[in-house]
Amino acid sequence: MKIDSELVRSVARLAALDLVDGEDTRLAEELTRVVDHFETLRRVPDDLLPPLPAPPPTPLRADLPAGEPGERPFVTANAPEASHGHFVVPRVVSRNG
Amino acid sequence: MTSDLDLLLDGPAHELAAAVSFRKVTARQVAEVSLGRVAKSRALHGSFLHVAPAAALAAADEVDRRVASGEAMPLAGVPLAVKDNVNVAGLPSTAGSRILAGFVAADDATCVARLRAAGCVVVGKTSCDEFGMGSSNENSAFGPVRNPWDPSCVPGGSSGGSAAAVAALAVPLAIGTDTGGSVRQPASFCSLVGVKPTYGRVPRYGLLAYASSLDQAGPLARNVRDAALALAAMSGPDPRDATSLRSAPPELLERLEAGAAGARIGLLAEAEAPEGGLDSDVGAALETTARLLESAGATLVRVSVPRVSLAVAAYYILATAEASSNLARYDGVRYGARREGDGLSGLYRATRTAGFGPEVKRRILLGTFALSSGYREAWYERAQRVRALLAIDFAEAFRSCDAILCPTAPQPAFRIGEKGADPLAMYLADVFTVPASLAGLPALSVPAGLSRDRLPIGMQLAGPAGSEPLLLALGREVERAAGEWGRPPGAIR
């Protein structure tokens, strides 16, 4: 399968990555080569393949609150920007909108 | 006194632990000498990203207090290096990535806490391929690591710094993580013992996730007994990891000297001519190791795991798919570096674009592609079904043998820069390690000789789930029968 620059740009958008000039073309070539190798998976006849395995059940654990946000400084200790126990991000809702 | 300490650090961890336990030396004295070697190893080989002398000496003093109070610890005072994608309380975790600049771990990973409980003293964090994505340590954002056996060569990866630190005699023991071979392959490249446990045996709490259905932490050591001691300490259920095995781990040390008599060793038919080729010295070492086990009373049988030839493709679809999801958390909001952009989504993109290196971006794109609408069924779901088929293949093979012997890697260590331009060639070299990862099986790499260029060669033994005691006993037999392979020219004294 050929991966073209347009597909690379669309996947990069999904992955929240920007591409610099020419990077889409280079990645398209590299990924085409890798995905060409993946074609080996098609050599297995369908009737030989087991059905898609169900994910194993996840054992549940007790849901124990670790305290109020302000009491957990370690949660925001590594944040680039934090205030009053919360993460600070650019404004996403405008005052008038 | 100094020379005694040097000899202890050159030797097995279990002898060092005995010396500390019997108060012939103190953990502090050992830590001081080790820290000196760590600084040299960092300068010569680039093996460490962070060194913590004050914390290490304080931890050593605590071990000395525990010894004085009569506490028995199997790894008392053993200096430990920890791969930088595994959390150590109070130390940075970058996982070899710029995107985690400034991150300091709040607590210990379970495997680190357990090794500390067993007496280990953490001296620092080791370099690795960014988020564990690589087989050469060249994908670290902080520069390559040099192999103590030949500084122009890679130490393997992704746990390259851990392997180089142990091989150079800076520490006797290190933690690595293995998603598709990242403990076993560097062990092979640096003449060490490296163990990838049964999936779920060692809890993943505190590991920076790459591919959660595959990631396992494991020890890197200079002999099988040390690896077994460390693995025994690291293993066992953990309520903080939902995928950790609930059953008690098997006893690893009782059968360590049991030998290979009566074991049926499978020789993997698919290992004879892997895509990308098999180095002739590696082929010869495989033959020698098989004969060695046969002389020790094992029976050799030829086995086939037909889907081994598809494992690289299945692995690189599934691991990258999981990575694309796991690495979505690095967005410049909760931890690490931040780059301002246009609004919130601009901030995400700017942070990720500046923070991730080229191989990580490549894998995120590959995984996003394999999961995206219109491609998911053809790639991701098909790879999952091939993974299930591979597990069936292994189960079938283990009806006629107890363990499978094959090289850990098709070639010895290669030169820094030699394979960097060809991602696919690098991926194909994982052909012998990814099958056990996909099937969740335990596997270890044990030193099996040197190439004509005096580069280490490792052999892999893989067995059914829970077969670590047998694999360690077989590895011990190879080690005992084959003897020593000497010290690397880059060993630090």
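Helices (H or I, at least four residues) and strands (E, at least two) are DSSP runs, numbered from the N terminus. The model is predicted: local features need pLDDT of at least 70 and side-chain atom pairs count only at pLDDT 80 or more, while totals for chains, interfaces and linings use all residues. Residues are numbered from 1 along each chain as its sequence is written, chains are lettered from A in the order in which they are written, and side-chain values use heavy atoms, with hydrogens and water left out.

View 1. A salt bridge is a side-chain nitrogen of Lys or Arg within 4 Å of a carboxyl oxygen of Asp or Glu. E477(B) and R480(B) form such a pair at 2.7 Å, N to O. E477(B) is buried, at 8% relative accessibility; buried means under 20% relative accessible area, exposed over 50%, and partly exposed in between (1.4 Å probe, protein chains only).

**View 2. The salt bridge of R452(B) and D281(B)**. N and O are 2.5 Å apart. R452(B) lies in the loop between β10 (443–450) and β11 (456–462), and D281(B) in helix α9 (residues 280–295), 171 residues apart. R452(B) is exposed, with a relative accessible area of 64%, whereas D281(B) counts as buried at 16%.

**View 3. The salt bridge of D241(B) and R204(B)**. The closest N and O atoms are 3.6 Å apart. D241(B) is buried, with a relative accessible area of 5%, and R204(B) counts as buried at 17%.
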